[in-house]
Structures are given as structure tokens and as C-alpha cells.
Amino acid sequence: MKYISTRGNVAPIGFIDMFLMGLGEDGGLIVPESIPTVSGKQLDQWAKLSYQELMFEIFSLYTNDEIPADDLKRLIQESYAGFTSPDVLPLTTLNDSLHVLELFHGPTFAFKDVALSFMGNLYAYVAKKQNQVINILGATSGDTGASAISSVRGKEGIQICILHPNGKVSRVQELQMTTVQDDNVLNLAVNGNFDDCQQVIKELFADIPFKSKYHLRAINSINFVRILAQSVYYFYAYLKLSEKARENGVNFSIPTGNFGNIFSGYLAKKMGVPIKQLVLATNENNILERFIREGVYKPEGFRSTHSPSMDIQIASNFERYLYYFVGEDAVAVTARMEKFKQEGQLTFTEAEVARIQQDITAYSVGNEECLNTIRTYQERYGYLLDPHSACGIAAYEGAGRKDDGAFVSLATAHPAKFDEAIRLIGIEQQFPERIQELFDKPQQQVIVDNVKADIVARLEGFYRVYQ
Ligand SMILES: *Cc1c(COP(=O)(O)O)cnc(C)c1O
């Protein structure tokens, strides 16, 4: 298996090179040359596998044996050893048709841990094997940063710098990132919003001399390994459902920001998981919902919501979807992305919108609706949703075609992480100990203005130069 770019100007590369490259050097996103498929029979044979065993099988289709099987197995085992549920990602059934897949039992209580625990270990593995220094750079709306830092703190050969929007992440998210004292960690709190942070990162990754001088590495969902690691739980949830539950089909509802999680579902479906509907849930930052419903992809005013990890306008993985939408035609992708850059929007024809809607159903959740959903589910099922997971449930309620069979709604964070919203509806929760203890720790972060040169100066003082 080789990997190429959605813009067509990266020579085919192997798995580890793809992992290290992150964003394509031509500015595109990396995708596999062809997506391997899994037959129904093969899928059935995987039904009894543990989460770790299943991940090993799926990754083996993509790694070209560049990682010996025993090493890959060990990396996977170590990555999920810190998860508190024996199932890694437990599936909870709320009623006859609705199931919640809890993706938040990792070290930082959000779904980012699922992919990043593994990626941190993989970076350490590659650093050691190739005797490389790994300088990680990432932007976060809160959860990615916390999770990435947790996965590489104190690891030899790795430096990590995370940009987050100053004051625009939840208190717990901020503490998870900034109370880490290891000197291989730098937190930059940028006076701006998440899109500003992501923009700087994108420019630095596109600056090839800078990127090669520091051997910059990505943890954002521009990295295909992250997408692949997330596709595993679509297989897992499907296989965990009983045959009876699956008989009228299986659907997923996905709280969405950067389009990474849902793209992983799209990939799993292309690989052969029989998924009927993929429901994309956005909050009031609903560019993706407008794209799917109206065929207009156009950023509008940024809004702060109860689900800050989804407060995103420009979704990195949109381009991956576009690539498959235009029939894997890199020239067409490049033309459309150029047009987007020049005109600030993309429009799709009515016929195209109909095709998009066959792939994805979209629903945008207002702030009130989000809180009401949390309240209702607490009352009806005694199940406390975090505001992101609540968006997924609200989208299932609002847009899921119920005659389509079972629904799996992805729960992307633990409610304790977003207590600000939970308190608004008068629910008091007990924090898990690992969150409670954060409040007593000293914080370390550097506040910077949203000025690229200032950010670059901080990075140059921190990263190790590659010889
Ligand atoms: C990152 C995140 C999302 C959005 O996922 P994307 O892959 O960016 O679409 C949703 N919920 C939570 C809690 C998150 O941390």
C-alpha cells in the first residue's frame, strides 16, 4: 500500500513516511492509493476479536509490514493499557434502537485519546528506530492538545508544542494541557480562536524549509494515521451489536468539528462496514451542515458554544471527502480548493447536493437544544451526556431516519470535562479523581498574540534542530 496526496503532487510513499509527513507537501491531504476492502465473511470472522486485536487486523491492511507484527501488537497493547474500561470503548444501550459508543475512557476523557495514545507510541517507536528527533506541532480546540501531550510527555526524542485559543477552551481542558511539567512540552495560548491557531499551523507545515529544518510532525486529523485509528471503532461498534439489533441496518451519529471522526466512518464504510446513514452533527458553527443541506461551503461568523471542541469553521478533512466525491481526481480537487481560496466559498449543483446527501445526513444543534438534550437524557435514562455527545444525540433525534434500524451515537467526551455547560442546567456532578486533582496543580503556558513571527520565534527557541 502506498499513499498519495489529494492534490496529486506527492510521489507515492510508504506507511511510516506518510505518518511522518502529516500534511501532504503539495498542500493536499494524504490518502491511500486505494482503499482495501473487507468482505462480509472476513467481517464475521472478526466478530469475537478484542478492540486491540481488531485494530491490529485493520492496521495490517495499511502498514505494508513496515512495522513487524509483534511490534505493532505491542504498540497497540501499550496504547490502550491506560484506558479505564476493559472493553476500551464500551457500547451502552439506551433503548431498542439507540446505542451510545463511549469513546472517552482514555487518559484525558475525550475521544482524541483513541487515536493519539497510539500515535504518541508510534512516534516514540519511529524516533528510536530511525534515531530521529520528533518535533510535534499541533493546534487544538482543547481535546487534541490535552490528549497529544498526555501521549508523549516525558518521552525520549520527542518535543511537543500545542497552540490553543487563549481562554476559549474549557477549564479542565486548559488544566490538562498546562499542568504538565515535563520540559518536552510547550503550551502556547494564542489570543485568537481555533481557526487562527490552525491557520498558523497549516502555514508552517506548508513552509517546506521550516518543516524540514525542524522535522515537524503532525497530530491533527490531517494525519491519516489518526483517521485510520478512528475507523477501528466503527468496525467494533458494528460487530458488538447483536445480529438482531443489526437486522434493519446500522447508522452512526457523529459530533463533528474538523470532519475527522466522521471521515473515519466514511472510510470504514468504504472498507466494507455496512453503514446506512452517517449523521453529521454540528453545533451553531454549522458550515458543514450548510454544505450538505444547501451545497454551499462557506465559513461564517465564529460562535462560541457549549461544545468548544466543535467550534470550527474550516474543517481540514473536508478536502479528503471532496477527493472521493470528485472520483479521486486530484486535478479537480486542486481546482476547487484554489477557487475556495480565491472566492472564500464553494458551491455545488443540485445534482451534486443530492449525491452528497446520499453519503451524509446533516443536522445543526442550537445551544438551547444541546442543553435540553442533556436534561432530557438525564431524566429519561439517568444518562449524563457531555455537550458534544449531546449534539450527536440531538442530531439522531432530529434527522435520523428511524426506519433505518439501529443507531450508534458517538459519545466523544466525559461530561466532567465540560462542567461549565452541565452546571447551566443545574446538574451537579462528581469529578473523576484524575480530573479533580488537576485543580491543585501549577500551570505552565506562554500567552502569545496571533502573530506568526512571534509564534515562530517561540518554536525556534524550543524545538531541537535536526542535524
Ligand atoms: C474533536 C472533538 C470533536 C470533533 O471531532 P472532529 O474529528 O474534529 O470532527 C467532537 N467532540 C469532542 C469532544 C472532540 O474533542
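A: By class, the shell around the ligand in this predicted model is made up of eight polar, five nonpolar and two charged residues. That shell comprises 15 residues, of which Lys112, Asp143, Gly257, Asn258 and Thr412 are the closest.

Turning to polar contacts, oxygen atoms of the ligand can be followed to polar atoms of the protein backbone. A polar backbone atom of Asn258, which is also listed among the closest residues, lies 2.7 Å from an oxygen atom of the ligand. For Asn261, a polar backbone atom is 2.8 Å from a ligand oxygen, and for Phe259 the corresponding distance between a polar backbone atom and a ligand oxygen is 3.1 Å. Taken alone, the ligand would expose 380 Å², and the protein buries 99% of that area. As for its location, the ligand sits in the largest cavity.

The annotation gives some wider context. UniProt, in an unreviewed entry, places the feature "domain: Tryptophan synthase beta chain-like PALP" at residues 101-334; over this span the chain is 47% helix and 18% strand, with its end C-alpha atoms 36 Å apart. The unreviewed entry also carries the annotation "domain: Threonine synthase N-terminal", which covers residues 2-80, and that span is 44% helix and 8% strand, its end C-alpha atoms lying 27 Å apart.

Definitions and conventions
Residues numbered from 1 in each chain as written. Predicted model: local features only at pLDDT ≥ 70, side-chain atom pairs only at ≥ 80, totals over all residues. Heavy atoms only, no water. Near = heavy atom within 4 Å. Polar contact = N/O pair within 3.5 Å; in protein donor to acceptor, adjacent residues only side chain to side chain. Areas by Shrake-Rupley, 256 points an atom, 1.4 Å probe, with all protein chains shown as cover. 1 Å grid on protein atoms, 1.4 Å probe; cavity = no way out; pocket = protein on both sides within 12 Å on 5 of 7 lines; lining within 4 Å. Sits in = over half its atoms within 2 Å of the grid points. Nonpolar A, V, L, I, M, F, W, Y, C, P; charged D, E, K, R; others polar. UniProt positions renumbered as here; feature names shortened; annotations may be inferred. Helix = DSSP H or I, 4+ residues; strand = E, 2+ residues; numbered from the N terminus.
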